[in-house]
Amino acid sequence: MSPLFLEPVFQERIWGGDNLQKFGYDIPSNNTGECWGISAHENGPNIILNGEHKGKTLKQIWEENNDLFGEKKTEKFPLLTKILDANDELSVQVHPNDAYANKHENGELGKTECWYIIDCEEDAEIIYGHNAKDKEELREMIENGKWDALFNKIKVKPGDFFYVPSGTVHAIGKGIQILETQQNSDTTYRIYDYNRKDKNGNTRELHIDKSIDVINYVSKNEKTHPSTKKVGETEINTYISNEFFTVRKILIEDNYQYEKVNDFVLMSVINGEGKININNDTFKIKKGDHFVLTKGDSNIDFTGKLEMIESYI
């Protein structure tokens, strides 16, 4: 077997920029906001670049090739990995949970996500959480545009990690690049969008009623601090592990005999270059690569200087 190397899908956004070029990508414009690096979502499925499944989409082989992924616990491919370039503020938004999305968004999954800050400008900040005590106060603050009082802002730096469960009011700020691991969903409810207009001169749709339906009223700062272990010269940082995903950062200085802990694992290289050896086959990997290790991939060794984000169920 060999890993499934994936062709990124790029999404142009009103707030996007050109920083995704730093990952070696040929982006479609200077308003490219998102790289969908590992996606089986119908709005942007990746094409497989190698092996016997070359030319098929990840969505297609998830549905057709059970043996690649082991025992499936979900009908849909469960996760989606993105790299985001916020050249401007994203809209302030919230995502529904599974039950609400299933009922109101044609069977879509909910969207719990998490962010690893790859890079950011000095004094960059995110919006995380709100200051309304209940639904009535929230609606009053929204209707009267009390945005500064409503939204909670947090300064960020490279290496920070935030867990963003469904129901959390949030927005990525200007000058931030993140790797986002999320449920396989494309449902977003906008609360506020700075009165911006799109290229056709129209303000983007807001979703106030749905937002108020799903927003949580328990205020938490979900910046997480990793648990760290060393395996030789390799450092493994575990940021989050729950029913939605486990997310780890793996820092390899020279070589690492990798232990795969799930039938399939999602990997994104965010810095460096090197090689991966699987069952005596060797593949070059570099910053910007995304791939899936499947059930048949074993006897895995990494060599080189690599910084990778790993996720799995």
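By class, six nonpolar, six polar and 12 charged residues make up the lining of the largest pocket (nonpolar: Ala, Val, Leu, Ile, Met, Phe, Trp, Tyr, Cys and Pro; charged: Asp, Glu, Lys and Arg; polar: the others, Gly among them). The structure is a predicted model, in which local features need pLDDT of at least 70 and side-chain atom pairs count only at pLDDT 80 or more, while totals for chains, interfaces and linings use all residues. Residues are numbered from 1 along each chain as its sequence is written, and side-chain values use heavy atoms, with hydrogens and water left out.

The largest pocket holds about 600 Å³ of space. Of its 24 lining residues, Arg13, Ile14, Trp15, Arg190 and Arg204 are the closest to its centre. A pocket is here an open set of points on a 1 Å grid over the protein atoms alone, where a 1.4 Å probe fits, with protein on both sides within 12 Å along at least five of seven lines; lining residues have an atom within 4 Å of a point. Grid points are joined across faces, edges and corners, and the volume is the space filled by probe spheres set on the points. At least two lining residues are supplied by each of strands S2 (9–17), S5 (79–86) and S7 (113–120), and S2 gives the largest share, four residues. Helices (H or I, at least four residues) and strands (E, at least two) are DSSP runs numbered from the N terminus.

Strand S5 is mostly covered, with eight of its eight residues buried (under 20% relative accessible area with a 1.4 Å probe, protein chains only; exposed is over 50% and partly exposed in between). Leu79, Thr81, Ile83 and Asp85 point one way from S5, and Leu80, Lys82, Leu84 and Ala86 point the other way. S5 pairs in the antiparallel sense with strand S3 (residues 32–38) over four bridges, and Lys82 of S5 is the bridge partner of Trp36. Antiparallel pairing also joins S5 to strand S12 (residues 176–183), over eight bridges, where Leu84 stands opposite Ile178. Two strands pair if DSSP finds at least two bridges between them.

Leu68, in the loop between helix H1 (58–64) and S5, is buried at a relative accessible area of 3%.

The structure holds zero disulfides, a disulfide being a pair of cysteine sulfur atoms within 2.5 Å. The sulfur of Cys35 lies 16 Å from the closest cysteine sulfur, that of Cys114, and is therefore too far away for a bond. Cys35 is buried, with a relative accessible area of 0%, and Cys114 also counts as buried, at 1%.
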